[in-house]
Amino acid sequence: MILRDAVRVLVANWDGGYTVPSRRLYPHQWSWDSAFTAIGNARWSPRRARTELLSLFGAQWEDGRVPHIVFNPRVPDGAYFPGPEFWQVRAPSGSATSGIVQPPVHALAAWKAHLVEPDPAFLRRIYPRLVAQQAFLRAARRSPEGLISIVHPWESGMDNSPAWDLPLSAVRPGQAGFVRRDLNDVSADERPTDRDYERYVALARAYRDSGYRDPGAFHVEDPLFNAAYGAAECALARIADVCGLDPEPHEREAAAMTAALVENLYDDGLFHPRDLRTGCLVRSNSAAGLTPLMLPELPREIVNALVGTALDRFALKDGVLPSFSPAAPEFDPARYWRGPSWINLTWLVWQGLKERRPDLAGPLADGVISAVTQSGFREYFDPFTMRGHGCRDFSWSAALVLDMVAEHGLDGLPAAGREVGEEAGGLGESDDVSDHVLA
Ligand code: 9WN
């Protein structure tokens, strides 16, 4: 039942070449959402997964950046703020896009799609695009210590995390002069405050006005973003291998990122962001600090310390992962990224636990499945009551449940790999899959 419902959400949110995160709240294509959605779609329609990724990379900029939003010209102006009229920029393909990025989880998604249904031709097609995405980050955002920076909380994907409160306090909120659209669909106490929104808009405007070049008043190194970059290099090494290319440069790059993270962002059982304006670590309690677990070469003692932190400070033994430590004063179980459990973040940490700590990974998958069974495919969940918050029928919640069930099983039934999705995908691999992109 749950699997059919997941596929139904993904079918309803499919726009012919990609999946909107949510029909009402997010009616365009988002970068890391497309990667997570592709991971789940691969379980019942690998073709859809490949199309989704190719469609996103169809809007890649010449400098290699993959914009965080690709706008659908058929969606009415004003359906989402800030829309194309705010960003004022187009990709070489002609698509209107934003000018900021999101964590590079796409190489991992491409590799996972290939594992479900091997397709070397797809890998050969997307590999240079994925390499260019990483090259942009190195050229435009890499510090001498080897870490990649972000210039906007939206680039972290965890926009309203309390980890950004301190760096954001240095940002002067601009004049309001805009109308928020998000509050039409979701209650104000589950979304960022107006004050935060004014800062987001001021930052995005300043970056836009610099020609999408100069970091402005917000400039930080985020553990999740950097872990995603490192995991992307690991995936690229495997992809290169299939393509008959040398995996070694990617392996070296992944190892260098792992070392840079440990050297610069690790302290006291958790990875922390670093504020490049002050040079200081922001010692917050964000679950983003656990995501370097994705990196296969993370030293054993750090893995053990992170697991200890996950158990003590994030109550991981209860089978859920809050986005922020419940023990911290900023924790809020219902407000966007300030404590609720998000399925994508849980999935990233689960990647790092599956082999090392199956005793913890199993209950985590069960926790996710029971949250959606109780509350549906909501955007986020109260980690104690599992009550759903944010929008409904949220794509990555549905997609990643398909992936977790495929690997972990359901209700005591064993993992079934792709058959999971095939059974649920009785709804049909529709003809509505256009593979027009990158043509
Ligand atoms: C801004 C689409 C996106 C996710 C982000 C999430 C939220 C947008 C917003 O929705 O951000 O990019 O309007 O709040 O924070 O992770 O990609 O689902």
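The axes of H10 and helix H11 (residues 248-265) come within 8 Å of each other and cross at roughly 160°. Here axes are lines fitted to C-alpha atoms, for helices over the stretch in contact, and angles run from 0 to 180 degrees between N-to-C directions. Helices (H or I, at least four residues) and strands (E, at least two) are DSSP runs, numbered from the N terminus. H10 is therefore roughly antiparallel to H11; angles under 35 degrees count as roughly parallel, over 145 as roughly antiparallel, 65 to 115 as roughly perpendicular and the rest as oblique. The structure is a predicted model, in which local features need pLDDT of at least 70 and side-chain atom pairs count only at pLDDT 80 or more, while totals for chains, interfaces and linings use all residues. Residues are numbered from 1 along each chain as its sequence is written, and side-chain values use heavy atoms, with hydrogens and water left out.

The crossing of H10 and H11 is left-handed, a term applied if the near helix is turned anticlockwise from the far one by less than a right angle, with right-handed used if clockwise. On the H10 side, the contact (heavy atoms within 4.5 Å) is made by residues including Pro 223, Tyr 229, Glu 233 and Ala 240. H11 contributes His 250, Glu 251, Glu 253, Ala 254, Met 257, Leu 261 and Leu 265. The residues of this contact of H10 with H11 divide into eleven nonpolar, three polar and three charged. In this classification Ala, Val, Leu, Ile, Met, Phe, Trp, Tyr, Cys and Pro count as nonpolar, Asp, Glu, Lys and Arg as charged, and the others, Gly among them, as polar.

H10 also packs with H5: their axes come within 8 Å and cross at roughly 45°. H5 is therefore oblique to H10, and the crossing is left-handed. Ala 107, Leu 108, Ala 110, Trp 111 and His 114 of H5 meet residues of H10, among them Ala 232, Arg 238 and Val 242. By class, the contact of H5 with H10 has nine nonpolar, one polar and one charged residues.

A further pair is formed by helix H14 (residues 358-375) and helix H15 (residues 395-408), which pack at an angle of about 135° with their axes 10 Å apart. H14 is therefore oblique to H15. The crossing of H14 and H15 is left-handed. Gly 362, Ala 365, Asp 366, Val 368, Ile 369 and Val 372 of H14 are in contact with Val 401, Met 404, Val 405 and His 408 of H15. This contact of H14 with H15 comprises seven nonpolar, two polar and one charged residues.

The largest pocket has a volume of about 440 Å³. Of the 16 residues that line this pocket, Arg 238, Met 294, Pro 296, Gln 351 and Glu 355 are the closest to its centre. Helix H5 (106-116), helix H10 (223-242) and helix H13 (343-353) are the elements that give two or more residues to the lining of the largest pocket. Nine nonpolar, two polar and five charged residues make up this lining. On a 1 Å grid over the protein atoms alone, a cavity is a set of points where a 1.4 Å probe fits but cannot get out, and a pocket is an open set with protein on both sides within 12 Å along at least five of seven lines; lining residues have an atom within 4 Å of a point. Grid points are joined across faces, edges and corners, and a volume is the space filled by probe spheres set on the points.

Five cavities of 30 Å³ or more are found in the whole structure. The largest cavity holds about 210 Å³ of space. Among its 19 lining residues, Tyr 26, Trp 30, Gln 102, Asp 159 and Tyr 336 lie nearest its centre.
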